[in-house]
Amino acid sequence: MDGSRRLLRAELISVGSELTVGETRDTNSGELARSLTGLGVAIGRIAAVPDELDVVVDAFAGALSRADLVVSTGGLGPTPDDLTREAIARVAGEEPAVDPDLEGWLRGLWSRRGIPMPDLNLKQAWLIPSATALANANGTAPGWWVDRPDGRVVVALPGPPREMRPIWADAVLPRLRERGAGGDHATRTFRLAGIGESAVAERLGEELLRATNPSVATYARWDAVDVRISATGAAAAAVVEATARRVRDIVGDHIWAEGETSWADAIGTVLEDRRWTLASVEVGTGGGLAALLADRAWLRIAEVLDPDAPAAATDDLQSLAASAMARAAADVAVAVRGRPRTEDTAIEV
């Protein structure tokens with residue numbers, strides 16, 4: 001193994017036909033991508049592949065030809081269509097064999113349940129010579145850490161998030177940090193409101209949006225439009241700061257927060273600074289405001305009224321707010337009404 005190789009670029013592979021036919025949504029890749037990006041590891045590709053051996057083999061071989069680090073989720077179960085181990089073994093040119101320690105651990109799990117272990121589960125004790133097992137405290141599928149001779153790394157994780165997350169946090173991330181994964185990097189995210197993504201992109205212009213270092217990207221969220229600035233290299237922080245000033249000059253009139261701040265976070269900061277509590281009432285919004293504010297301690301009441309209900313008959317939003325504030329003994333209140341407008345919805349506050 002060449003331990004001097006820098007792990008700067010990664011690809012993610014999600015294995016399972018349930019993903020490629022739409023029966024299950026892949027949430028693992030997003031979590032892993034955010035975690036790796038935070039380390040300064042660039043994500044080159046994210047792929048989902050079905051439970052077909054040749055396809056899974058091609059996915060690993062292709063990813064290893066392009067990336068320093070390949071992370072997979074899924075395909076580590078005991079059934080014949082769980083093919084991640086077989087695919088990695090074929091790409092590595094190695095034969096899997098039952099590891100005695102893993103077999104003992106597995107048989108111990110079944111013994112504590114008071115039932116014999118099915119023969120199918122024995123494949124979950126497989127290892128190849130270049131792999132080390134990643135303990136799984138929440139399931140029967142250990143992960144693999146595979147060191148390639150050229151310094152590249154393959155990490156295979158189980159698909160269920162409750163199994164994947166602890167292995168990633170407790171076993172994989174520490175090893176990646178020891179290997180010095182990632183490079184110098186910096187990021188900054190602005191959150192915007194009152195403007196659409198296309199309008200933001202038009203204001204920023206192609207020069208900024210087509211640059212690669214720093215990169216400036218827009219993302220339409222359900223509650224905001226984000227502008228994310230990122231850079232790599234020794235001067236990453238200075239480059240991001242300079243670009244952030246340009247972005248703020250262009251769209252600063254719509255920036256209401258930075259980073260991962262939510263509307264509830266931003267509202268809560270103002271309320272908590274003043275030691276205020278809030279009551280909310282909404283009509284014809286489907287409970288959107290209540291969902292946005294969630295169950296914060298400063299939220300005294302969140303009423304959702306049907307537009308046809310007697311309590312919602314008044315058009316005077318101020319009266320609705322005052323009533324909610326009085327009933328909840330809150331310091332301030334907000335009332336919102338949604339009305340159909342052609343194919344859209346008009347919101348009054």
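This is a predicted model: local features need pLDDT of at least 70, side-chain atom pairs count only at pLDDT 80 or more; totals for chains, interfaces and linings use all residues.
**Entry 1. The six-stranded sheet**

I began with strand order. Six strands make an open sheet that runs S2-S1-S3-S8-S7-S6, and the pairing is mixed. I noted S2 and strand S6 (131–134) at the edges; each has a single partner strand, so one side of each has no neighbour in the sheet. Ignoring direction, neighbouring strands of this sheet are turned by 15 degrees against each other on average.

I then looked at one pairing inside it. S3 and S8 run parallel and are joined by five bridges. In that pairing, I found Val 155 of S8 as the bridge partner of Val 71.

**Entry 2. Helices on that sheet**

I looked up what H2 and H3 lie against. H2 lies across S1, S2, S3 and S8, at about 165 degrees to S1. H3 packs on the sheet as well, where it touches S1, S2, S3 and S8, and its direction makes about 170 degrees with that of S1.

**Entry 3. Glu 11**

Is Glu 11 buried or exposed? I read its relative accessibility as 4%; buried means under 20%, so Glu 11 counts as buried. Glu 11 sits in strand S1, which covers residues 9–15. I listed its contacts, leaving out neighbours within four places in sequence: Arg 45, Ala 63, Arg 66, Ala 67, Leu 69, Val 70 and Val 71.

**Entry 4. Helix H4**

I checked how far H4 (residues 84–92) is covered. Seven of its nine residues are buried, so I put the helix down as mostly covered,. The buried ones are Thr 84, Arg 85, Glu 86, Ala 87, Ile 88, Ala 89 and Ala 92. What do these buried residues pack against? I found S1, helix H3 (53–66) and strands S3 (69–73), S5 (126–127), S7 (143–147) and S8 (153–157). Just after H4 comes Gly 93, with a positive phi of about 70 degrees.

**Entry 5. The four-stranded sheet**

I moved to the other end of my list. Four strands form an open sheet in the order S10-S11-S9-S12, with antiparallel pairing. S10 and strand S12 (255–258) are at the edges with a single partner strand each, so one side of each is left without a neighbour in the sheet. The twist from one strand to the next averages 25 degrees.

S10 and S11 form a hairpin, with four residues between them. I recorded six bridges for this antiparallel pair, with Asp 226 in S11 as the partner of Tyr 219. S9 and S11 are also antiparallel, over eight bridges. Here I noted Ala 231 in S11 as the bridge partner of Ala 186.

**Entry 6. The largest pocket**

I noted a space of about 880 Å³ in the largest pocket. It is lined by 27 residues, and Thr 37, Thr 187, Tyr 219, Arg 228 and Ser 230 are the closest to its centre. Which elements each supply at least two lining residues? They are helix H2 (28–39) and strands S2 (42–49), S9 (185–192), S10 (215–220) and S11 (225–232). By class, I have the lining as nine nonpolar, twelve polar and six charged residues.

**Entry 7. The second largest pocket**

I put this one at about 310 Å³. Of its 24 lining residues, Glu 18, Gly 74, Pro 158, Gly 159 and Pro 160 lie nearest the centre. Helix H1 (17–20) and helix H6 (161–178) each supply at least two of the lining residues. The lining has seven nonpolar, eleven polar and six charged residues.

Notes. Residues are numbered from 1 along each chain as its sequence is written. Side-chain values use heavy atoms; hydrogens and water are left out. Buried means under 20% relative accessible area, exposed over 50%, partly exposed in between (1.4 Å probe, protein chains only). Contact means heavy atoms within 4.5 Å. On a 1 Å grid over the protein atoms alone, a cavity is a set of points where a 1.4 Å probe fits but cannot get out, and a pocket is an open set with protein on both sides within 12 Å along at least five of seven lines; lining residues have an atom within 4 Å of a point. Grid points are joined across faces, edges and corners, and a volume is the space filled by probe spheres set on the points. Ala, Val, Leu, Ile, Met, Phe, Trp, Tyr, Cys and Pro count as nonpolar, Asp, Glu, Lys and Arg as charged, and the others, Gly among them, as polar. Two strands pair if DSSP finds at least two bridges between them. Axes are lines fitted to C-alpha atoms, for helices over the stretch in contact, and angles run from 0 to 180 degrees between N-to-C directions.
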